[in-house]
There are 2 protein chains.
Amino acid sequence: MSAEDIEGGVPRLAQAAIAGDIGLLLAKLRAAGSVVNNKALAEFGLRERSYSVLRLACSGLEPTQRELADFLSLDPSQIVTLVDELESRGLVSREQGRTDRRQKTVLATPDGERLHEKAEAAVLECEREQLAALTDTEAATLRKLLRKALWT
Amino acid sequence: MSAEDIEGGVPRLAQAAIAGDIGLLLAKLRAAGSVVNNKALAEFGLRERSYSVLRLACSGLEPTQRELADFLSLDPSQIVTLVDELESRGLVSREQGRTDRRQKTVLATPDGERLHEKAEAAVLECEREQLAALTDTEAATLRKLLRKALWT
DNA sequence: CTAAATCATTGACATTCTCAATGATCGGAT
DNA sequence: ATCCGATCATTGAGAATGTCAATGATTTAG
């Protein structure tokens with residue numbers, strides 16, 4: 001975020017060996033994306049986290065809280081807090097699990113769906129900006145490789 | 001980290017639209033890498049953060065603290081804490097900036113160099129495991145695309 | 001039918017993030 | 001030369017996040 005990083009400038013330290021570390025590259029790109037996303041989501045009273053939960057609640061997959069925790073790499077207790085907040089705003093509701101009464105599935109309300117639709121547009125626009133340096137095929141390749149590394 | 005994610009299993013929620021969001025993919029891969037890295041670095045009394053600082057201090061580029069903050073996407077105050085800790089362990093030293101007396105350059109001591117060498121090997125091994133699902137060329141492509149998205 | 005495991009939840013604690021304020025120093029404009 | 005605004009490292013405070021252990025309700029395995 002300094003002058004060096006703003007636009008097309010390669011920081012001096014990018015010469016270092018660490019600049020090839022996947023961990024650092026992921027962290028940097030993610031950090032940059034996070035601030036942009038949170039800025040864009042503020043308008044809807046959401047943060048990256050709550051947006052992700054809302055988004056999955058809108059997916060039609062009827063995720064349980066445990067599934068949300070695993071999928072979002074969060075502790076189950078963090079999901080409780082996030083769902084509490086979304087539920088209190090009437091964006092989401094907890095339903096009894098179909099087959100297992102221990103679990104609760106998280107579903108979006110009509111209000112939640114509407115809000116998600118707008119927030120989604122904003123986030124996708126952020127994503128487009130973040131990957132502006134890549135061609136469409138490059139962006140697709142990046143997505144494909146990340147998914148492969150995660151889920152193969 | 002649940003049963004679904006352990007080995008080669010694609011979680012049910014990966015069908016959702018959100019599974020294509022770059023932000024989520026980055027966050028997930030990074031989260032997974034972080035726990036592995038921190039586990040491997042514990043043996044050396046380092047965490048991901050302090051390792052990164054030590055690594056840059058060993059680069060020969062004589063980074064200033066401001067540069068470290070920008071490059072690692074951290075607040076300058078966090079760098080102070082990290083350098084304090086490394087310095088108190090004798091792994092790193094602060095030197096007066098050559099041209100600007102406001103800035104301080106962070107350099108590794110011989111002890112720091114030695115520790116970094118061992119830690120580096122451990123982290124590179126973690127990285128290899130994390131990208132095990134990718135071929136060598138795919139891993140190289142991933143690195144290239146991440147760098148391009150960041151620094152173009 | 002019992003014992004172990006799993007789910008959501010609560011609460012405590014540590015780590016990390018984000019900001020504002022400070023004194024020292026620098027750079028540029030007069 | 002001197003003032004003025006900007007930048008550097010540092011400190012400190014408060015919010016957000018991460019991590020872990022314990023709980024009651026329920027399911028699954030034996």
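Analyst: Helices (H or I, at least four residues) and strands (E, at least two) are DSSP runs, numbered from the N terminus. This is a predicted model, in which local features need pLDDT of at least 70 and side-chain atom pairs count only at pLDDT 80 or more, while totals for chains, interfaces and linings use all residues. Residues are numbered from 1 along each chain as its sequence is written, and chains are lettered from A and ligands numbered from 1 in the order in which they are written.

The surface near DNA strand C comes first, where a residue is near a molecule or strand if its C-beta atom, placed from the backbone, lies within 6 Å of it. DNA strand C is surrounded by 21 residues, and the closest are A:Q65, A:R66, A:S77, B:D75 and B:R101. Helix 4 (65-71) and helix 5 (76-88) of chain A, together with helix 5 (76-88) of chain B, each supply at least two residues of this surface, and its largest share, 4 residues, comes from helix 5 of chain A. Divided by class, the surface near DNA strand C has 5 nonpolar, 6 polar and 10 charged residues; here Ala, Val, Leu, Ile, Met, Phe, Trp, Tyr, Cys and Pro count as nonpolar, Asp, Glu, Lys and Arg as charged, and the others, Gly among them, as polar.

Around DNA strand D there are 21 residues, and the closest are A:D75, A:R101, B:Q65, B:R66 and B:S77. Two or more residues of the surface near DNA strand D come from each of helix 5 of chain A, helix 4 of chain B and helix 5 of chain B, with helix 5 of chain B giving the most, 4 residues. By class, the surface near DNA strand D has 5 nonpolar, 6 polar and 10 charged residues.

Two of these helices also pack against each other, for helix 4 and helix 5 of chain B meet at an angle of about 110°, with their axes 9 Å apart. Axes are lines fitted to C-alpha atoms, for helices over the stretch in contact, and angles run from 0 to 180 degrees between N-to-C directions. Helix 4 and helix 5 of chain B are therefore roughly perpendicular to each other, since angles under 35 degrees count as roughly parallel, over 145 as roughly antiparallel, 65 to 115 as roughly perpendicular and the rest as oblique. The contact is made by B:Q65, B:R66, B:L68 and B:A69 of helix 4 of chain B and by B:P76, B:I79 and B:V83 of helix 5 of chain B, two residues being in contact if their C-beta atoms, placed from the backbone, lie within 7 Å. Of the residues in this contact, 5 are nonpolar, 1 is polar and 1 is charged.

The two chains also touch each other, with 56 residues of chain B in contact with 56 residues of chain A. Helix 2 of chain B gives the most to the side of chain B that touches chain A, with 12 residues, and by class this side has 28 nonpolar, 13 polar and 15 charged residues.

As for chain A as a whole, it has 7 helices and 2 strands, and from the N terminus on its elements run α-α-α-α-α-β-β-α-α. Along its principal axes the C-alpha trace of chain A spans about 55 × 35 × 30 Å.
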